[in-house]
Amino acid sequence: MSLEDLRKKIDEADDRIVRLIADRIRIAEEIGGEKKKSGKQIEDKNREQVVLNKIRRIAQEENISQNGIESIYRQIIATTKSAEGIQVAFQGEPGAYSEQAAFEYFRASIQAKPFESVDDVFRTVEQGETQFGIVPIENSLEGSISRSYDMLLDSKVKVAGETELRVIHCLIASPEAQLDSIKTVYSHPQALGQCQAYLRQLGCELVPTYDTAGSVKMIKEKGITDGAAIASSRAAEIYQMQIIARQIEDNPHNFTRFFILAGQDSAASGNDKTSIVFSVRNKPGALYEFLKTLASRNINLTKIESRPMREKPWEYNFYLDFEGHREDKEIRKTLDDLEKTTSFFKILGSYPKRDEGQRGHS
């Protein structure tokens, strides 16, 4: 067979491949419609893993690279998932770290929807206006995000996933600005707190704002030439602003952990975590007995956080993460037993443990 004949066969194969992908996208659109009608989550990582495992088996049978086929198929899945209509709410303006974390987690062409506050993110997911939300829950340097924890206590939404983002802060200003002309720095209080050493050297007035990327947007819209913002490099690109300095955070080990919010939590994957919030009865050793129950059943506790009760001064709710899914037989029995020992108990959700490969960089 001649080279031209072989190339013709390649062209015919490419034609079939593209048309089959188009068919897959159309089917995905129908699936997305059915999921919305039934109130099911659009994102289904368990189903995605089943598909990838099947694809690898077929590749093995055909004696071609399993890793290569999986890489191609992940792109196909990302394209078809976007057709299903994944919407993710985040707090801030385009270019915010929460938006970046959403893209890292879903690995797809999602529709990221900005909202002014964390409360708005919870509300839109709770009311079914958006399938998913993403909120910061803690930072490795600054600690817990109080408002996110408070909203988890009150809201009906579930924690359906988690991810982490390496936060790299940049000092951003208008294209004509010079470092020695900067008199004021704007950003979210968390970002200002994470760059204290650099900002002390700069000697500028610090002005807290509601969002990192929103600070960049404000400087641009108001034409501020003697001010700068702390935000991501992506925010500088979006608003066409100048990066004066990069990596200005005090500590390079600066990570923010995010929770993925949904109307329901995730099905068991075999490698899960569960988050709960509870308060213990006011008696000696109550918290010890609670934790002892987990330890005696070899359940690995990954985090515990106390938060003051708003209605009862000097009493506390405890937020706790541990390994296992609430539907696992042993975990389910443990949760039932624990609930009997508490004055308040709420399961926030079960979800797959963060994949190391999901740790993104801003």
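Which strands does helix α12 (residues 329–340) lie across, and at what angle does it run to β15? The helix lies across β12, β14 and β15, and runs at about 155° to β15.

This is a predicted model, where local features need pLDDT of at least 70, side-chain atom pairs count only at pLDDT 80 or more, and totals for chains, interfaces and linings use all residues. Residues are numbered from 1 along each chain as its sequence is written, and side-chain values use heavy atoms, with hydrogens and water left out.

**Terms for the folds.** Helices (H or I, at least four residues) and strands (E, at least two) are DSSP runs, numbered from the N terminus. Two strands pair if DSSP finds at least two bridges between them. Angles run from 0 to 180 degrees between N-to-C directions, with axes fitted to C-alpha atoms, for helices over the stretch in contact. Contact means heavy atoms within 4.5 Å.

**The four-stranded sheet.** The order is β13-β14-β12-β15, in an open sheet with antiparallel pairing. β13 (301–308) and β15 (342–352) are the edge strands; each has a single partner strand, so one side of each is left without a neighbour in the sheet. Neighbouring strands are turned by 15° against each other on average, direction ignored. β12 (residues 272–280) and β15 run antiparallel and are joined by 9 bridges. Val-277 has Lys-346 as its bridge partner in β15. Helix α11 (residues 286–296) lies across β12, β13, β14 (316–323) and β15.

**The five-stranded sheet.** Here the order is β8-β7-β9-β6-β10, again an open sheet, with mixed pairing. β8 (205–208) and β10 (242–246) stand at the edges with a single partner strand each, so one side of each lacks a neighbour in the sheet. Strand β6 (residues 170–173) runs antiparallel to β10, with 4 bridges between them. One of the residues involved is Ile-172, whose bridge partner in β10 is Ile-243. Helix α9 (residues 212–222) packs on this sheet and touches β6, β7 (184–187) and β9 (227–231).

| Helix | Reference strand | Angle |
|---|---|---|
| α9 | β9 | about 155° |
| α11 | β12 | about 160° |
| α12 | β15 | about 155° |

Buried means under 20% relative accessible area, exposed over 50%, partly exposed in between (1.4 Å probe, protein chains only). The buried residues of α9 include Val-216, Met-218 and Ile-219. Among the elements covering the buried residues are α4 (97–106), α7 (189–194) and α10 (233–238). At the helix start, a side-chain oxygen of Asp-211 comes within 3.4 Å of the backbone nitrogen of Ala-213. Just after α9, Gly-223 has a positive phi of about 65°.

**Thr-256.** This residue sits in strand β11 (residues 255–262). Thr-256 is buried, with a relative accessible area of 10%. Its side chain makes a polar contact with the side chain of Asn-139 (2.9 Å). A polar contact is a pair of N or O atoms within 3.5 Å; within protein, one must be able to donate a hydrogen and the other to accept it, and residues adjacent in sequence count only if both atoms are side-chain atoms. Not counting residues up to four places away in sequence, Thr-256 also touches others, including Pro-136, Thr-163 and Leu-165.
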